[in-house]
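Please look through the sequence and the structure shown here before reading the report that follows. The report takes up a pair of charged side chains, then a helix, and then a loop.

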Amino acid sequence: MEGQLNNPLHGKTLESILNELVDYFGWEQLGYHININSFNHEPSVKSSLKFLRKTPWARKKVEDLYLKMLDNK
């Protein structure tokens, strides 16, 4: 548990991470940074979450981009 104290992802849901990224970047820029169809073609939180929950590599990219966003804030 102590290792989680400094983990900015601890306690964050994938949905909240995605919503923060969309608010910060917008769908177009998010699709530029992470080139997946659910960000580039008729994007929605629901379809993106469905894809990200089934695709570990894409979820990792979203989490990494979120951490970079936090560093830039």
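Asp 64 and Lys 60 lie 4 residues apart in helix H4, and so they are separated by about one helical turn; helices here are DSSP runs of H or I with at least four residues, numbered from the N terminus. Their side chains meet in a salt bridge, at 2.9 Å from N to O, the term meaning a side-chain nitrogen of Lys or Arg within 4 Å of a carboxyl oxygen of Asp or Glu. Asp 64 is partly exposed at 32% relative accessibility, and Lys 60 is partly exposed at 45%, where buried means under 20% relative accessible area, exposed over 50%, and partly exposed in between, with a 1.4 Å probe and protein chains only.

Arg 59 and Glu 63 are likewise 4 residues apart in helix H4, which covers residues 56-72, and about one helical turn separates them. Their side chains form a salt bridge of 3.1 Å, N to O, and Arg 59 is partly exposed with a relative accessible area of 31%.

## How the model is read

This is a predicted model, in which local features need pLDDT of at least 70 and side-chain atom pairs count only at pLDDT 80 or more, while totals for chains, interfaces and linings use all residues. Residues are numbered from 1 along each chain as its sequence is written, and side-chain values use heavy atoms, with hydrogens and water left out.

The buried residues of H4 are Ala 58, Val 62, Glu 63, Leu 65, Tyr 66 and Met 69. They cover an arc of only 160° around the axis, which puts them on the same side of H4; the arc is that of the directions from the helix axis to the C-beta atoms. Helix H1 (14-33), H2 and H3 are included in what covers these buried residues, whereas Pro 56, Lys 68 and Asp 71 are exposed on the other side of H4.

## A further salt bridge

The count of salt bridges comes to 3. One of them joins Glu 20 and Lys 12, whose closest N and O atoms are 2.6 Å apart. Glu 20 is partly exposed, with a relative accessible area of 24%, and Lys 12 is also partly exposed, at 33%.

## Pro 43 in its loop

Pro 43 sits in the loop between helix H2 (37-40) and helix H3 (45-54), and with 31% relative accessibility Pro 43 counts as partly exposed. Leaving aside residues up to four places away in sequence, Pro 43 touches Trp 27 and Ser 38, a contact being heavy atoms within 4.5 Å.

Terms used. Helix = DSSP H or I, 4+ residues; strand = E, 2+ residues; numbered from the N terminus.
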